[in-house]
Amino acid sequence: MKQLLVIAFIFFTAHCFSQAIPKYGFKIGANFADLTFEGKDVADTRNGFATGFFINYSINDKFKVQPELQYSAQGSKQFRVEYLQLPIMAKYVVTKNFNLQLGPQVGLKIHEFQDGLKNLDYAAVGGIGINIIENVEFDIRYAFGLQQIFDDPNVFQDSQHRYVQVTIAYTL
């Protein structure tokens with residue numbers, strides 16, 4: 001059921017913004033990830049790789065919507081997890097060179113599926129973007145996991161992903 005809702009949301013988003021002229025691009029960067037257990041950071045931080053593609057739709061001069069597809073290395077040193085993620089970021093342009101970002105994200109685990117971790121992950125993501133030069137943007141985001149990541153909640157109760165992502169994006 002969750003997968004069906006995600007697919008419906010993607011098609012709805014694409015249809016809503018099909019009138020805007022999109023801009024395409026790619027990004028590359030790093031994640032600084034850990035896991036929380038019962039609201040406390042108890043796992044060692046994992047430094048990982050992040051890369052992906054995006055489509056940027058301008059709604060008007062101040063608002064943009066940017067769906068992305070990205071690979072993301074997350075988890076911790078003890079629980080290494082890789083995801084194929086779909087964040088859909090709303091971007092508010094504060095000035096020509098500065099924007100605020102906020103949106104939901106769903107991630108599909110892309111390695112071993114029977115490892116005790118859930119195959120889907122959901123997060124709320126917020127961040128800022130700074131245009132360095134034309135077509136090049138520096139982004140820093142914080143992702144806050146919204147669900148228990150282990151299949152068995154008795155293993156680690158109330159455990160979620162948390163990470164800071166730093167990327168450089170290039171718009172074609």
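Aromatic pairs and nonpolar cores

Q: How many aromatic pairs does a search of the whole structure find?
A: The search finds three. Phe, Tyr and Trp rings (for Trp, the six-membered ring) pair if their centres lie within 6.5 Å; planes under 30 degrees apart count as stacked, over 60 as edge-to-face and the rest as tilted. The model is predicted, so local features need pLDDT of at least 70 and side-chain atom pairs count only at pLDDT 80 or more, while totals for chains, interfaces and linings use all residues. Residues are numbered from 1 along each chain as its sequence is written, and side-chain values use heavy atoms, with hydrogens and water left out.

Q: Why is the aromatic pair of F26 and Y170 called tilted?
A: The centres are 5.9 Å apart and the planes stand at 50°.

Q: Why do F26 and Y170 count as partly exposed?
A: Their relative accessible areas are 39% for F26 and 35% for Y170. Buried means under 20%, exposed over 50%, and partly exposed in between (1.4 Å probe, protein chains only). Both values therefore fall in the middle class.

Q: How do you know that the pair of F49 and Y71 is tilted?
A: The ring centres lie 6.3 Å apart and the planes are at 40°, so this pair is tilted. F49 sits in strand β3 (residues 46-58) and Y71 in strand β4 (residues 63-75), 22 residues apart.

Q: What makes R162 a charge over the face of F144?
A: R162 is at 3.7 Å from the ring centre. The rule asks for NZ of Lys or CZ of Arg within 6 Å of the ring centre and within 35 degrees of the ring normal.

Q: Which residues make up the largest nonpolar core?
A: The seven are L35, F37, V81, Y83, L117, I149 and F150. A nonpolar core is a set of buried Ala, Val, Leu, Ile, Met, Phe, Trp, Tyr and Cys residues joined through side-chain atoms within 4.5 Å. Strands β1 (23-37) and β5 (80-95) each supply at least two of its residues. Another core, of six residues including L86, I88, V106 and L120, lies apart from it.

Definitions and conventions. Helices (H or I, at least four residues) and strands (E, at least two) are DSSP runs, numbered from the N terminus.
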